[in-house]
Amino acid sequence: MLFHVRMDVCIPRDLDPDEAAGIIARERAYSQALQQSGKWRHIWRIVGEYANYSIFDVKDNDELHEILSGLPLFRFMTVTVTPLVRHPSSIRDDDS
């Protein structure tokens, strides 16, 4: 199943800078491993915001929830999920 996910990040200004750097480093490693596995298909930064649009390709809602809640920055995020299905006019074979 494909999902379009918007993630808005708001790290508290009073969070210890070393702790924040550690969380961000873990987030990067976690997200890159998911990208390499094919589960996190695409990620785009939203210009001017600490936010991204991503496409996930996972088995079901539960797997997506597990992945998202496992993000090290999850506690600092607002997440919006939209399930996607293949459009009948699509000419691409790999978008389902």
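This passage describes the fold of a predicted single-chain model and the surroundings of a few of its residues.

In the predicted model, the chain holds 2 helices and 4 strands, and these elements follow one another from the N terminus in the order β-α-β-β-α-β. Taken along the principal axes, the box filled by the C-alpha atoms of the chain is roughly 50 × 25 × 20 Å. Of the 96 residues in the chain, 29% are buried, and the chain exposes about 6600 Å², of which carbon and sulfur atoms supply 53%. When contacts between residues at least 6 apart in sequence are considered, 69% of them join residues at least 24 apart. With regard to charge, the chain carries 11 positive and 15 negative side chains, the centres of the two sets lying 4 Å apart.

Helix α2, which spans residues 61-69, has Glu 63, Leu 64, Ile 67 and Leu 68 as its buried residues. These residues lie on the same side of α2, because the arc that they cover around the axis is only 130 degrees. The other side of the helix presents Asn 61, Asp 62, His 65 and Glu 66, which are exposed. The packing partners of the buried residues of α2 are drawn from both strands and a helix, namely β1 (2-9), α1 (17-37), β3 (51-57) and β4 (77-84).

The side chain of Glu 63 reaches the backbone nitrogen of Lys 59 at a distance of 2.6 Å. When neighbours within four places in sequence are left aside, the contacts of Glu 63 are with Lys 39 and Val 58.

The side chains of Arg 6 and Asp 8 are joined by a polar contact of 2.8 Å, and a polar contact of 3.2 Å joins the side chain of Arg 6 to that of Tyr 53. Beyond residues up to four places away in sequence, Arg 6 touches Ile 46, Glu 49, Ala 51, Asn 52 and Tyr 53, together with Thr 78, Val 79 and Thr 80.

Tyr 50 is located in the loop that lies between β2 (40-45) and β3. The relative accessible area of Tyr 50 is 36%, and this residue is therefore partly exposed. Apart from neighbours within four places in sequence, Tyr 50 is in contact with Met 7, Asp 8, Val 9, Ile 11, Ile 24, Arg 45 and Leu 73; among these, Asp 8 is also the residue whose side chain forms the polar contact of 2.8 Å with Arg 6. Tyr 50 and Leu 64 are separated by 14 residues in sequence, and their C-alpha atoms are 21 Å apart in space, Leu 64 being one of the buried residues of α2.

Technical notes:
Residues numbered from 1 in each chain as written. Predicted model: local features only at pLDDT ≥ 70, side-chain atom pairs only at ≥ 80, totals over all residues. Heavy atoms only, no water. Buried < 20%, exposed > 50% of the residue type's maximum accessible area, 1.4 Å probe, protein only. Contact = heavy atoms within 4.5 Å. Areas by Shrake-Rupley, 256 points an atom, 1.4 Å probe, with all protein chains shown as cover. Lys, Arg positive; Asp, Glu negative; His and termini not counted. Charge placed at Lys NZ, Arg CZ, Asp CG, Glu CD. Arc of directions from axis to C-beta. Polar contact = N/O pair within 3.5 Å; in protein donor to acceptor, adjacent residues only side chain to side chain.
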